[in-house]
Amino acid sequence: MFCPEHPNDPKAIAQHTIMPRHNRIMGITIPVAHDFICPWCWVGLLQAKRLERELGAKIEWLGYELFPEELEWPDHTPAPEPPANRPPTLSRFEFLLVADNIEMPSAERPKKMRTYNAHEAVEYAKTEGVSNELVEELYHAYWERGEDINNVEVIRRLSDGIIQDLDALEKAIQSKEFKKNIVGFDDEAYSKGIYNVPTFMIGKERLAEQPFSNLRKAVMHANAAEALAKMQQ
């Protein structure tokens with residue numbers, strides 16, 4: 001049994017309330033800025049599921065479109081070949097995969113696929129209370145099966161069994177009913193303090209492209225702060 005070192009200290013008591021026996025931890029809502037085509041966001045989806053499962057967190061998915069219609073796709077120049085005798089080094093993303101023990105799916109995916117329609121679909125799904133289920137289905141369809149998740153017919157098929165009113169869903173997509181809720185890069189996203197996806201907004205912190213250990217620590221601190229604030233009311 002856990003006993004606070006200072007049993008009369010409100011902060012110690014608050015921390016005790018979030019210590020699991022073993023997973024009895026208060027859940028907080030975590031907004032997550034994301035876009036489906038970002039490989040960091042595929043990792044972010046898996047991290048978000050762990051936060052839900054292990055810490056009882058609730059995820060609120062916020063659509064941040066990396067390549068809105070008005071933004072041209074950049075042409076990437078291949079990096080020069082390293083010297084033949086130089087040992088290979090890991091990139092930041094490769095380090096993240098190692099840290100979180102994640103292997104990326106190998107499916108062939110559509111090139112230069114925009115994601116506005118997929119984000120519209122998620123915004124509609126929020127009106128039916130099933131946005132998390134649709135987000136997860138869209139990520140798996142794109143990353144594991146290489147489907148064009150911006151295609152309205154594909155979205156309808158993937159939404160069948162999740163969304164009750166598929167015609168209303170399609171109408172919302174075609175009319176861009178929730179356009180004001182979808183943030184585009186670059187300037188609009190930057191004005192909101194979002195420079196990378198995924199960005200997890202945990203308490204007063206914004207954590208972008210972080211390993212799960214950092215996200216978990218931030219959630220634990222936010223839970224403790226929330227518990228302390230409630231006790232002081």
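1. The model is predicted. Its protein chain has 9 helices and 5 strands. Read from the N terminus on, the order of elements is α-β-α-β-α-α-α-α-α-β-α-β-β-α.

2. The protein chain has 233 residues, and 44% of them are buried. Among contacts with a separation of 6 or more, 75% join residues 24 or more positions apart.

3. Asp35 sits in the loop between β1 (29-34) and α2 (39-55). Is Asp35 buried or exposed? Its relative accessibility is 0%, so Asp35 counts as buried. The side chain of Asp35 makes a polar contact with the side chain of Thr115, at 2.7 Å.

4. The surroundings of Asp35. Leaving aside residues up to four places away in sequence, Asp35 touches Cys41, Tyr64, Glu65, Leu66, Thr115, His119, Tyr139 and Val197. Tyr116 lies 81 residues from Asp35 in sequence. In space, the two C-alpha atoms are 9.4 Å apart.

5. Helix α6, the buried side. Helix α6 covers residues 152-159. Its buried residues are Val152, Val154, Ile155, Leu158 and Ser159. They span an arc of only 160° around the axis, so they lie on the same side of α6. Which helices do these buried residues pack against? The partners are α4 (116-128), α5 (131-145) and α7 (166-175).

6. Asn151 caps the N-terminal end of α6. A side-chain oxygen of Asn151 lies 2.9 Å from the backbone nitrogen of Glu153. Just after α6 comes Gly161, with a positive phi of about 95°.

7. Salt bridges within α2. The model's count comes to 14 salt bridges. One of them joins the side chains of Lys49 and Glu52, at 3.1 Å from N to O. Both residues are in helix α2, and they are 3 residues apart, so about one helical turn separates them. Lys49 has 28% relative accessibility and therefore counts as partly exposed. Glu52, at 22%, also counts as partly exposed.

8. From α2 to α5. Lys49 also forms a salt bridge with Glu136. Their closest N and O atoms are 3.1 Å apart. Lys49 is in helix α2 and Glu136 is in helix α5, so this pair ties together parts that are 87 residues apart in sequence. Glu136 has a relative accessible area of 25%, which makes it partly exposed.

9. A link from Glu209 to Arg92. Glu209 forms a salt bridge with Arg92, and the closest N and O atoms are 3.1 Å apart. The pair links distant parts of the chain, 117 residues apart. Glu209 lies in the loop between β5 (205-208) and α9 (212-232), while Arg92 lies in helix α3. How do the two partners stand in terms of burial? Glu209 is buried, at 16% relative accessibility. Arg92 is exposed, with a relative accessible area of 55%.

10. A salt-bridge network. Glu137, Arg145, Glu147 and Arg157 belong to one network. They are joined by salt bridges that share partners.

11. A nonpolar surface patch. Which residues make the nonpolar surface patch of about 310 Å²? They are Leu90, Phe95 and Val98. Leu90 is found in the loop between β2 (58-65) and α3 (92-100). Leu90 counts as partly exposed because its relative accessibility is 43%.

12. Where to look. Start with Asp35 and its polar contact to Thr115. Next, view α6 from the side where its buried residues pack against α4, α5 and α7. Then follow Lys49 to its salt-bridge partner Glu136. Finish with Glu209 and its salt bridge to Arg92.

Notes: Residues are numbered from 1 along each chain as its sequence is written. This is a predicted model: local features need pLDDT of at least 70, side-chain atom pairs count only at pLDDT 80 or more; totals for chains, interfaces and linings use all residues. Side-chain values use heavy atoms; hydrogens and water are left out. Patches are made of residues with over 30% relative accessible area and no salt bridge: like charges are joined within 9 Å, nonpolar side chains (Val, Leu, Ile, Met, Phe, Trp, Tyr) within 5 Å. Accessible areas come from the Shrake-Rupley method with a 1.4 Å probe; for residues, only the protein chains shown count as cover. A salt bridge is a side-chain nitrogen of Lys or Arg within 4 Å of a carboxyl oxygen of Asp or Glu. Helices (H or I, at least four residues) and strands (E, at least two) are DSSP runs, numbered from the N terminus. Buried means under 20% relative accessible area, exposed over 50%, partly exposed in between (1.4 Å probe, protein chains only). The arc is that of the directions from the helix axis to the C-beta atoms. Contact means heavy atoms within 4.5 Å. A polar contact is a pair of N or O atoms within 3.5 Å; within protein, one must be able to donate a hydrogen and the other to accept it, and residues adjacent in sequence count only if both atoms are side-chain atoms.
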